[in-house]
Amino acid sequence: RLEYAAAADCETYCPEDFDEFYKQRRRWMPSTMANLCELCARGTRVISSNDAVSIFFIFYQAAMVFSTIVNPGTVILIMAAGLQYAFAPSSETLSIFYVTLVLLMLLSVFYGFVNVYCREDTKLHVGKILTLILSLIMAAVIVGVVVQVAVGFEFKEPTPPSEEPMIIIPPTRHHEKKTKAPIDVLIECDVTSDYASAFLPR
């Protein structure tokens with residue numbers, strides 16, 4: 001039987017290296033997902049038997065389950081889009097995006113295969129290598145995005161106005177016999193002196 005004890009002491013040991021951290025996450029993630037799914041499935045019973053739990057808390061836990069499921073795909077899309085934006089922002093094709101997307105998806109499938117069929121030491125070695133590779137990719141994405149943002153905010157001197165005058169001629173009007181009449185208004189704009197003068201026929 002489990003009961004609540006307010007004066008209870010609890011302690012834990014934090015992982016000190018990658019192997020211990022990997023094993024801890026491999027234990028905690030499936031158990032956390034299983035507990036959250038169980039809580040969401042029995043949410044009505046939990047709410048009725050516990051005044052401290054509301055329907056909003058159950059919705060929050062359901063959102064946590066959903067975010068945990070979509071997080072891998074979200075990270076893959078962010079990395080692929082980040083590489084495209086960082087190294088080929090003006091490209092009309094999304095070649096880098098699609099190539100990176102396919103490679104990361106294959107990498108995820110490969111890692112799942114390793115975790116299911118390989119030995120413990122192989123899992124740890126592959127996990128270390130993939131962690132290093134993905135860390136370098138994320139670092140490249142961050143640096144590239146920062147550079148593109150800095151270039152976007154770079155101050156550019158305004159282009160000097162042209163010395164040639166610009167002439168605007170309005171369309172001709174037609175008289176009653178549907179014949180073209182001579183131009184009756186000619187507006188000449190001097191761009192350099194920033195003024196316009198209209199010459200009307202006398």
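## Exercises on contacts and exposure

Lys128 is partly exposed, at 36% relative accessibility. The classes run as follows: buried is under 20% relative accessible area, exposed is over 50%, and partly exposed is in between, with a 1.4 Å probe and protein chains only. This is a predicted model, in which local features need pLDDT of at least 70, side-chain atom pairs count only at pLDDT 80 or more, and totals for chains, interfaces and linings use all residues. Residues are numbered from 1 along each chain as its sequence is written, and side-chain values use heavy atoms, with hydrogens and water left out.

**Exercise 1. Find the salt bridge partner of Lys128, and say which helices the pair ties together.**

Step 1. Apply the rule: a side-chain nitrogen of Lys or Arg lies within 4 Å of a carboxyl oxygen of Asp or Glu. Side chains of opposite charge can pair when their charged atoms come close.

Step 2. Read off the partner. Lys128 forms a salt bridge with Asp19, and the closest N and O atoms are 3.4 Å apart.

Step 3. Asp19 is in helix H1 and Lys128 is in helix H5 (residues 120-152), so the bridge ties together parts 109 residues apart in sequence. Helices here are DSSP runs (H or I, at least four residues; strands are E, at least two), numbered from the N terminus.

Step 4. Check the cover on the other end. Asp19 is partly exposed, with a relative accessible area of 25%.

**Exercise 2. How many salt bridges does the rule give in total? Work through the pairs of Arg26 and Glu38.**

Step 1. The count is four salt bridges.

Step 2. Take Arg26. Its side chain meets that of Glu120 in a salt bridge, at 3.0 Å from N to O. Arg26 lies in helix H1 and Glu120 in helix H5, so this pair ties together parts 94 residues apart in sequence.

Step 3. Arg26 is partly exposed at 35% relative accessibility. Glu120 is partly exposed too, with a relative accessible area of 29%.

Step 4. Take Glu38. This residue forms a salt bridge with Arg42, with the closest N and O atoms 2.9 Å apart. Glu38 is partly exposed at 40% relative accessibility, and Arg42 is partly exposed at 45%.

**Exercise 3. How many aromatic pairs does the structure hold? Classify Phe97 with Tyr98 and Phe113 with Tyr117.**

Step 1. A pair of aromatic rings is described by the distance of the centres and the angle of the planes. Rings of Phe, Tyr and Trp (its six-membered ring) pair if their centres lie within 6.5 Å; planes under 30 degrees apart are stacked, over 60 edge-to-face, and the rest tilted.

Step 2. The total is three aromatic pairs. For Phe97 and Tyr98, the ring centres are 5.4 Å apart and the planes stand at 75°, so the pair is edge-to-face. Phe97 is buried, with a relative accessible area of 17%. Tyr98 is partly exposed at 49% relative accessibility.

Step 3. For Phe113 and Tyr117, the ring centres are 4.8 Å apart and the planes are at 40°, so this pair is tilted. These two residues are four apart in helix H4 (residues 95-117), separated by about one helical turn.

Step 4. Phe113 is partly exposed at 47% relative accessibility. Tyr117 is exposed, with a relative accessible area of 63%.

**Exercise 4. Which residues make the nonpolar surface patch of about 380 Å²?**

Step 1. State the rule. Patch residues have over 30% relative accessible area and no salt bridge; like charges are joined within 9 Å, and nonpolar side chains (Val, Leu, Ile, Met, Phe, Trp, Tyr) within 5 Å. The areas come from the Shrake-Rupley method with a 1.4 Å probe; for residues, only the protein chains shown count as cover.

Step 2. List the members: Val99, Val102, Leu103 and Leu106.

Step 3. Val102 is in helix H4. Val102 is partly exposed, with a relative accessible area of 45%.

**Exercise 5. Are Gln24 and Gln61 buried or exposed, and what is each in contact with?**

Step 1. Gln24 lies in helix H1 (residues 18-41). Gln24 is buried, with a relative accessible area of 10%.

Step 2. Contact means heavy atoms within 4.5 Å. Leaving aside neighbours within four places in sequence, Gln24 is in contact with Tyr13 and Pro15.

Step 3. Gln61 lies in helix H3 (residues 55-87). Gln61 is buried, with a relative accessible area of 9%.

Step 4. With neighbours within four places in sequence again left aside, Gln61 is in contact with Leu36, Leu39 and Cys40.
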